[in-house]
Amino acid sequence: MIAVLVVVVVVLLSQGLLKSLNYFETVDQALGQRASLGTKVIRLEGVVEPGTISRTNAGASFTLTGTRSNHVFVSAQGSPPQLFQANIPVVVVGHFVSSTSLDFVGTQIMVKHTSNYIAAHPNRVKAPNGTTR
Amino acid sequence: MTRMLQRLLGPVTLASLALTAWLGLWVTPPDRVQGDLARLVYVHPALAWVALYLSFGTATIASVLYLWPRTRSVTADRVAVSAMEVSLVFILLTLATGSIWGRPTWGVWWAWDARLTSTAILGVFALAYLALRRANDDPTQRARRGAVFAILTAINVPIIHFSVLWWKTLHQGASVLTSTGQLNVHGSMLWTMLIGFVGFTLLFFWLLRERYRLEVKRDRLVASTVDEALAQRRREGV
């Protein structure tokens, strides 16, 4: 009985089950395999680039950045979650417009916040360069 | 001394949970990114800690002790079933508070990522364990099968713990038990979180003790009803 279980687990592992448990593709990964992705619906993760957010009646459009200065231009429908803002990592459900395009059509935005908890200091002044003091 | 500690368990639990609520809701500052939503950090991780490690862990260790011939005892079996029931309650609370937290921050009530899915599976395992025990009237067989099942399903606990490292998940990584040893919670928020951990840990022991006592009473009741039935049959001259 236990031997059967072990065999099943090993088979599943070797079949790449563990890889498929990833919830999203990063911008870098998605661009790397864009040709094969085509217009398949995926979950795309990246950081919202500051200054690129424009909110529309239907939703929002913004640029997602990967780690190697890769960019994807997202236009997503539906109102974004309340934490949606510049510089925050998000996961967008949607698809590329074509297998060569950098345009991504989203149907849902999820905010993937970090595990850092730091007190907000509303009275601090924000300097023009973005730092607070 | 022990008796006094036992008596204090309930009041100290309530006091530390009340302290957590007061610190969490009024004293600690809002978070830079999440604002007031971050206050769930004083509750949700502590519930998960009790659900996965304390209760499921206790149930697993008690199951091992039961299966090991030298340490086999009714006590171990009672502890196992009591801890598993407490675990189920805390798993459900973890999923509920996580969902309530996820809706405003992530934007969704639920995501089928590795952390959430594996936790839900653990909940199903806990339910299955309790169902398995109900399906069997023979105390020895029930205890043995339950123990084997608990130990097999405990493999899922480290999977849940490392899921946020092994796979890309929507769920955030660790804040306190990080792989680098770095603390990601700051100042009074950290203290409040740790007091919350103490409070919910005490709550686990309190619930476990009460549930254990219930199990003892239930066993006695079953034994006495069997004795009574036998005595009645004798009186009837069967």
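Tutor: Let us start with a term: a residue is buried if 20 or more other C-beta atoms lie within 10 Å of its own, exposed if 12 or fewer, and partly exposed in between, with the C-beta atoms placed from the backbone. By that count, buried residues make up 23% of the 133 residues in chain A, and 34% of the 238 residues in chain B.

Student: Where do the chain letters and numbers come from, and what kind of model is it?

Tutor: Chains are lettered from A and ligands numbered from 1 in the order in which they are written, while residues are numbered from 1 along each chain as its sequence is written. This is a predicted model, in which local features need pLDDT of at least 70 and side-chain atom pairs count only at pLDDT 80 or more, whereas totals for chains, interfaces and linings use all residues.

Student: What scores does it get?

Tutor: The model scores ipTM 0.82 and pTM 0.88. For chain B the mean pLDDT (the predictor's confidence in each residue, from 0 to 100) is 93, and 100% of its residues reach 70 or more.

Student: What's the secondary structure of chain B?

Tutor: Chain B has 7 helices and 0 strands, where helices (H or I, at least four residues) and strands (E, at least two) are DSSP runs numbered from the N terminus. Its C-alpha atoms fill a box of roughly 80 × 40 × 35 Å, taken along the principal axes.

Student: And how many helices and strands in chain A?

Tutor: Chain A has 4 helices and 7 strands, and from the N terminus on they run α-α-β-α-α-β-β-β-β-β-β.

Student: Back to chain B: how many residues does H7(B) have, and how far does it reach?

Tutor: H7(B) has 49 residues and reaches 72 Å from its first C-alpha to its last, close to the 72 Å expected at 1.5 Å a residue; that expected span is 1.5 Å times one less than the number of residues. Just after H7(B), Gly237(B) takes a positive phi of about 80 degrees.

Student: Which residues of H7(B) are buried, and what do they pack against?

Tutor: Among the buried residues of H7(B) are Met189(B), Phe200(B), Phe204(B) and Leu208(B). The buried residues of H7(B) pack against helix H1 (2-27), helix H2 (44-67) and H3 of chain B, and two residues are in contact if their C-beta atoms, placed from the backbone, lie within 7 Å.

Student: How do H3(B) and H4(B) cross?

Tutor: The axes of H3 (residues 74-105) and H4 (residues 114-134) of chain B come within 9 Å and cross at roughly 145 degrees. Here the axes are lines fitted to C-alpha atoms, for helices over the stretch in contact, and angles run from 0 to 180 degrees between N-to-C directions. Residues of H3(B) including Leu88(B) and Ile91(B) meet residues of H4(B) including Gly123(B) and Leu127(B). By class, this contact of H3(B) with H4(B) has 12 nonpolar, 4 polar and 2 charged residues, with Ala, Val, Leu, Ile, Met, Phe, Trp, Tyr, Cys and Pro counted as nonpolar, Asp, Glu, Lys and Arg as charged, and the others, Gly among them, as polar.

Student: Last topic: how many residues does each chain put into the contact between them?

Tutor: The contact takes 30 residues from chain B and 20 residues from chain A. On the side of chain B that touches chain A, H3 and H7 (187-235) of chain B each supply at least two residues, and the residues of that side divide into 15 nonpolar, 11 polar and 4 charged.
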